[in-house]
Amino acid sequence: MSADPAADLGSRFITRNLAVPEANGRTVRFTLRLPATASSSPLPALIMLAGIKTNEETLSRLPEQGDNALIAYHYDYDQSAWKSLSYLRRALICRRMTRQVSGQIATLVDWVKAQPWADSERVNLGGGSLGAILMPMIVRDLLAWNVEVRTVTMAYGGAGRRLLAYLSLRHRSWWLAATGGAVAWLFLRRLEPAIHLPHIRGEFLIISSPDDQLVPRRCSKMLEDLTPEPKTIIHLEGDHVNTKRREILAEVIATIRRWLAERGALNP
């Protein structure tokens with residue numbers, strides 16, 4: 001394991017960028033944030049997968065985290081080159097990541113459970129935006145590998161990859177929307193939530209917004225309807241969650257923390 005030497009010891013948190021090797025030779029990269037004051041009890045953990053360009057920004061924009069451990073997963077791709085890539089190249093990168101992300105999350109869950117500060121019975125998964133779209137596939141794979149988590153949150157996601165790609169691009173041009181839908185259908189079948197949702201189990205929180213301008217309501221409702229019970233569905237006002245919109249992000253995180261705390265999965 002490698003660590004970023006710059007730790008935020010002067011504040012209320014200790015933040016480190018870490019890398020853990022997988023059995024296949026790849027590396028899982030993530031950011032860990034712990035309370036600076038040592039707890040007398042093991043800490044519950046929330047592992048978060050956000051949008052593809054977010055990574056550690058998820059933590060840097062967060063409000064209070066309480067007596068809990070927060071982990072932000074880093075997607076395995078060259079973020080600096082993303083903007084210059086075509087939609088086809090982006091789809092191919094997403095296809096590659098969908099083949100490895102479940103294994104990376106399984107490695108990360110096992111790593112967290114093995115830490116001396118962690119409460120191994122209270123490790124939770126939370127996905128936002130792309131992370132929420134990937135979550136059904138990840139949860140299905142984890143169940144097949146007997147990797148247990150306490151709860152699963154899916155925020156601002158949707159199902160129906162072809163419809164999602166088409167409707168989210170239709171405001172730019174019909175040709176681009178049609179191309180995006182075709183590319184999603186051809187290359188991204190592995191991540192399709194509708195395929196995996198009937199085969200997963202757990203306790204689920206789903207957060208979405210009827211005003212979301214990125215994920216169409218038809219897609220978010222499909223995700224809500226296909227997610228098995230027990231599930232809690234919460235609708236928030238405002239546009240798609242974004243680290244640049246601190247007020248939306250703060251409300252989403254507060255909602256997740258409150259729901260998890262009510263179930264004893266996270267400390268208040």
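**Rings and a cavity**

Hi everyone, let's start with Trp111, which is buried at a relative accessible area of 12%; buried means under 20% relative accessible area, with a 1.4 Å probe and protein chains only. Before I go on, this is a predicted model, where local features need pLDDT of at least 70, side-chain atom pairs count only at pLDDT 80 or more, and totals for chains, interfaces and linings use all residues. Residues are numbered from 1 along each chain as its sequence is written, and side-chain values use heavy atoms, with hydrogens and water left out.

Trp117 also counts as buried, at 18% relative accessibility. Now to the rings: there are three aromatic pairs in the structure. The ring centres of Trp111 and Trp117 lie 6.3 Å apart with planes at 65 degrees, so this pair is edge-to-face. For pairing, the centres of Phe, Tyr or Trp rings (the six-membered ring for Trp) must lie within 6.5 Å, and planes over 60 degrees apart count as edge-to-face. Together with Phe30, Trp111 and Trp117 make up one aromatic cluster.

Another edge-to-face pair is Tyr73 with Tyr75, at 5.4 Å centre to centre and 80 degrees between the planes. Tyr73 and Tyr75 are both buried.

Tyr75 takes us to the largest cavity, whose lining also includes Cys94, Met97 and Leu191. A cavity here is a set of points on a 1 Å grid over the protein atoms alone where a 1.4 Å probe fits but cannot get out, and lining residues have an atom within 4 Å of a point. So which helix gives the largest share of that lining? That is α2, with three residues. Thanks, everyone!

Key. 1 Å grid on protein atoms, 1.4 Å probe; cavity = no way out; pocket = protein on both sides within 12 Å on 5 of 7 lines; lining within 4 Å. Helix = DSSP H or I, 4+ residues; strand = E, 2+ residues; numbered from the N terminus. Phe/Tyr/Trp six-rings, centres within 6.5 Å; stacked < 30°, edge-to-face > 60°. Buried < 20%, exposed > 50% of the residue type's maximum accessible area, 1.4 Å probe, protein only.
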